[in-house]
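The following dialogue shows how a structural model may be read, one feature at a time. Please keep the sequence and the model in view.

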Amino acid sequence: MKNQKFQNKNLTYDVCIIGYGLATIYLVNLLLPLNKKILIIEKGKSRQSSNNKNRNINLGIFHKASTNYSGIKMGGNSSRWGGQLAEMTKEDFNKCFWGASYQDFIKLYKKVYKVFGIKKNFQEKKITSEFHKYKSIFLKNPDLYKKLKLYEKKNIKIVKNTTAINFVFKKNRMTKIICKNIEKKIINFKSKIFIIANGSIESNRLMLMNKKNKKSPFKKNKNIGKYFLDHIGFYAGKLIINDDKIFREDFENFYIKGNSVQQKIRYYDKINKLNVSIEFKFISKFQKEIEDAKNLLKDIKYKFKFYKILKIILNLKLLKIFFQIIIYYLRTGRIKAFYDKEVLLYFQSEQVKNSKSKIYLKNQKLKDGMDKAYVNWKIGNVERRMFIKLCYKLDNYFKEKRYGNLKISKNLYSNKLFYKNILDTNHSSGGLQISKNNRYGVCDENLRVHGTKNLYILSPSVFPINGSANITLTLFALTH
């Protein structure tokens, strides 16, 4: 779709959505049957641009995702997303205000599965008094941008290379949005409803900028930008395998109706009220060939091309791996895990909410008219101590099940090494959390910004906590 220039746009849309990423794609797909006039404002273009570098400054623990600008483009991160649909747990929804109960979210998750044509038929299984075995499913075609093709729909207007900057309010109703395009021209758009559907950092940036507006209904809200979250990714040790057969049966991936399923362990720490997802990372000296073989299998399955077959035949290493994967799958029904080098124990953990973990601005303007964001990701010492105790419990469990022995990482025994080796998981959330009123958060149970009549936030930034699961399924559930 060609980018059109609008100087004075008098047309009023039914819905104006800021950001063209996963949440927007999913939302618009739900809205299509209603035949509404929808406007999508996207800062990026068809491909990522280096002009978006250095938008954010890290002050706390290094947050790699905030330095990544590849998601600022048409479709956002929808082309890079792995397609994992993982549910948050009963504890996640019971310990804070989400605006809906755990049972409500179970129903919402089912709606998401229905949209993607998935019949989920496995349950979480209790394997000890503290550990649960669970499975997360992966979409076979996770590129929703190409799959749903919103740019081909008649009642949808997509304006690319355009940055949403200022909100205009008449009392507590937002009447229009002021934007700047790549040619530095100011454009105004009117709509009945406005939805911020950027990633967490961009959503916080936009809200923080408009908080400074004297006529902003949320100018006194002190919670904007506070309680920034991400999952703590951490390599906690190495598993020295004893019984290869039992371990493979319990932790290799498999397929259900074309969708890949990953087997994991979940641990809930009752003392700190934190959820941890536990999985294994398989390391092989043939890592590149394994990835190439799996990608080729997908390509051949969904879009058969002769040159892809030729690519396999001409690469002996790849050919060997390719046939190993096929023969193993036909024999066991599972996807072979290659770990001739090592098996790493990996934690993806919820973090303790911290008011000092936040996003804020310093009136430093970027070329697009936005303010540079400062990301101060803070994590205390509670998680490190919990990880150490968890490792000892897992070691006992692994020995009991005859999987093997756990060699715990030395990085857990020092605060300095722990903070240095923490990984964020590209699951940025928080800063604009759901709450009963503006004393405790930024938006209500319907994701409407407190104090406004028609401004909504559809982003992981509204999550009051982040649990231990991939955040996308819960974002889709909130969209419903």
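Q: Against which elements do the buried residues of H12 pack?
A: This is a predicted model, in which local features need pLDDT of at least 70, side-chain atom pairs count only at pLDDT 80 or more, and totals for chains, interfaces and linings use all residues. Residues are numbered from 1 along each chain as its sequence is written, and side-chain values use heavy atoms, with hydrogens and water left out. Helices (H or I, at least four residues) and strands (E, at least two) are DSSP runs numbered from the N terminus. The buried residues of H12 pack against H1, strand E4 (84-85), helix H2 (90-94), H3 and helix H4 (144-148), where contact means heavy atoms within 4.5 Å.

Q: How many residues of helix H12 are buried?
A: Buried means under 20% relative accessible area, exposed over 50%, and partly exposed in between (1.4 Å probe, protein chains only). In helix H12 (residues 472-479), eight of its eight residues are buried; among them are Leu473, Phe476 and Leu478.

Q: At what angle do the axes of helix H1 and helix H3 cross?
A: Axes are lines fitted to C-alpha atoms, for helices over the stretch in contact, and angles run from 0 to 180 degrees between N-to-C directions. Those of H1 (residues 22-31) and H3 (residues 102-115) cross at roughly 85° and come within 13 Å. The two helices are therefore roughly perpendicular, given that angles under 35 degrees count as roughly parallel, over 145 as roughly antiparallel, 65 to 115 as roughly perpendicular and the rest as oblique. Tyr26, Asn29 and Leu30 of H1 meet Lys111, Val112 and Val115 of H3.

Q: Where does Ser284 lie, and is Ser284 buried or exposed?
A: Ser284 belongs to the loop between strand E15 (274-283) and helix H7 (287-302). With a relative accessible area of 4%, Ser284 is buried. Leaving aside neighbours within four places in sequence, Ser284 is in contact with Ile290, Phe338, Asp340 and Lys341.
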